[in-house]
Amino acid sequence: MSWWQLVTVSLSCALVLVVLFAAVIVGGLLVARDALVDDYPTAIRERYGAQSARGKRTAGVIGALNAVVFIAVPVAGMVDLRGRADGGLGFWRAFVFGALIWLALIVFDLVVLDWWLFCTVQPRFMVLPGTEGMAEYRDYAFHWRVLVPRPVPWPLLTVLGYGAVVGGVSVVVDVVR
């Protein structure tokens, strides 16, 4: 299998991952606008108040569905890659695959969901009742600071961690097979 095939499969899986992730997030917010209130800027959270019971239940469902997506999509991609490989994938090909799809998810979340949808478009299902027009909805830097906190940018480090987990699982599968 060539590196070009690896990148093609990785980006295809990344596309599936971000579409499913966005569907879960948007669907959850359509059910309960306050489902993700804990991820909003502090001033918005303070003005809105406590999360509703419906919001809490929806947040749990969002988390569970995304956990399934974060496992199912890479498994499907790894099965595809194994079918294209001459033997096992090893650690590094699987690592690159996992890191690429997770990086795509993080960039999509920041650029499309946070900056474009939340900060710029501000659809009604993302604006909490009683917080309409608050300047914090347009705080692009808030989302960057969440992604790259100081002193350790742990959300960005998850790209390497996700790649390492996928690579490690690949090695275990190679050994067991």
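Leaving sequence neighbours within four places aside, Phe97 is in contact with Leu6, Val9, Ser10, Cys13, Pro74, Gly77, Met78, Leu81 and Val166. This is a predicted model. Phe97 is also among the residues with the most contacts inside the largest nonpolar core.

**The core**

- The largest nonpolar core has 50 residues.
- Tyr40, Phe70, Leu81, Phe97 and Tyr137 have the most contacts inside this core.
- Four helices each supply at least two residues of the core: H1 (3-31), H3 (53-84), H4 (90-121) and H6.
- Helix H4 gives the largest share, 14 residues.
- In soluble globular proteins, nonpolar side chains tend to be buried together.

- Helix H6 covers residues 154-176, and Trp154 lies in it.
- Trp154 counts as exposed because its relative accessibility is 56%, and the cut-off for exposed is over 50%.
- Ser170 is also found in helix H6.
- Ser170 has a relative accessibility of 2%, so it counts as buried; the cut-off for buried is under 20%.
- Beyond residues up to four places away in sequence, Ser170 touches Met78, Arg82, Leu89, Gly90 and Ala94.

- Val152, Trp154, Leu157 and Leu160 make a nonpolar surface patch.
- The area of this patch is about 420 Å².

**Cysteines**

- The structure holds 0 disulfides.
- A disulfide is a covalent bond between the sulfur atoms of two cysteines.
- Cys13 counts as buried because its relative accessibility is 12%.
- Cys119 is at 0% relative accessibility, so it counts as buried too.
- Cys13 is one of the contacts of Phe97.

Notes. Residues are numbered from 1 along each chain as its sequence is written. This is a predicted model: local features need pLDDT of at least 70, side-chain atom pairs count only at pLDDT 80 or more; totals for chains, interfaces and linings use all residues. Side-chain values use heavy atoms; hydrogens and water are left out. Patches are made of residues with over 30% relative accessible area and no salt bridge: like charges are joined within 9 Å, nonpolar side chains (Val, Leu, Ile, Met, Phe, Trp, Tyr) within 5 Å. Accessible areas come from the Shrake-Rupley method with a 1.4 Å probe; for residues, only the protein chains shown count as cover. A salt bridge is a side-chain nitrogen of Lys or Arg within 4 Å of a carboxyl oxygen of Asp or Glu. Buried means under 20% relative accessible area, exposed over 50%, partly exposed in between (1.4 Å probe, protein chains only). Contact means heavy atoms within 4.5 Å. A disulfide is a pair of cysteine sulfur atoms within 2.5 Å. A nonpolar core is a set of buried Ala, Val, Leu, Ile, Met, Phe, Trp, Tyr and Cys residues joined through side-chain atoms within 4.5 Å.
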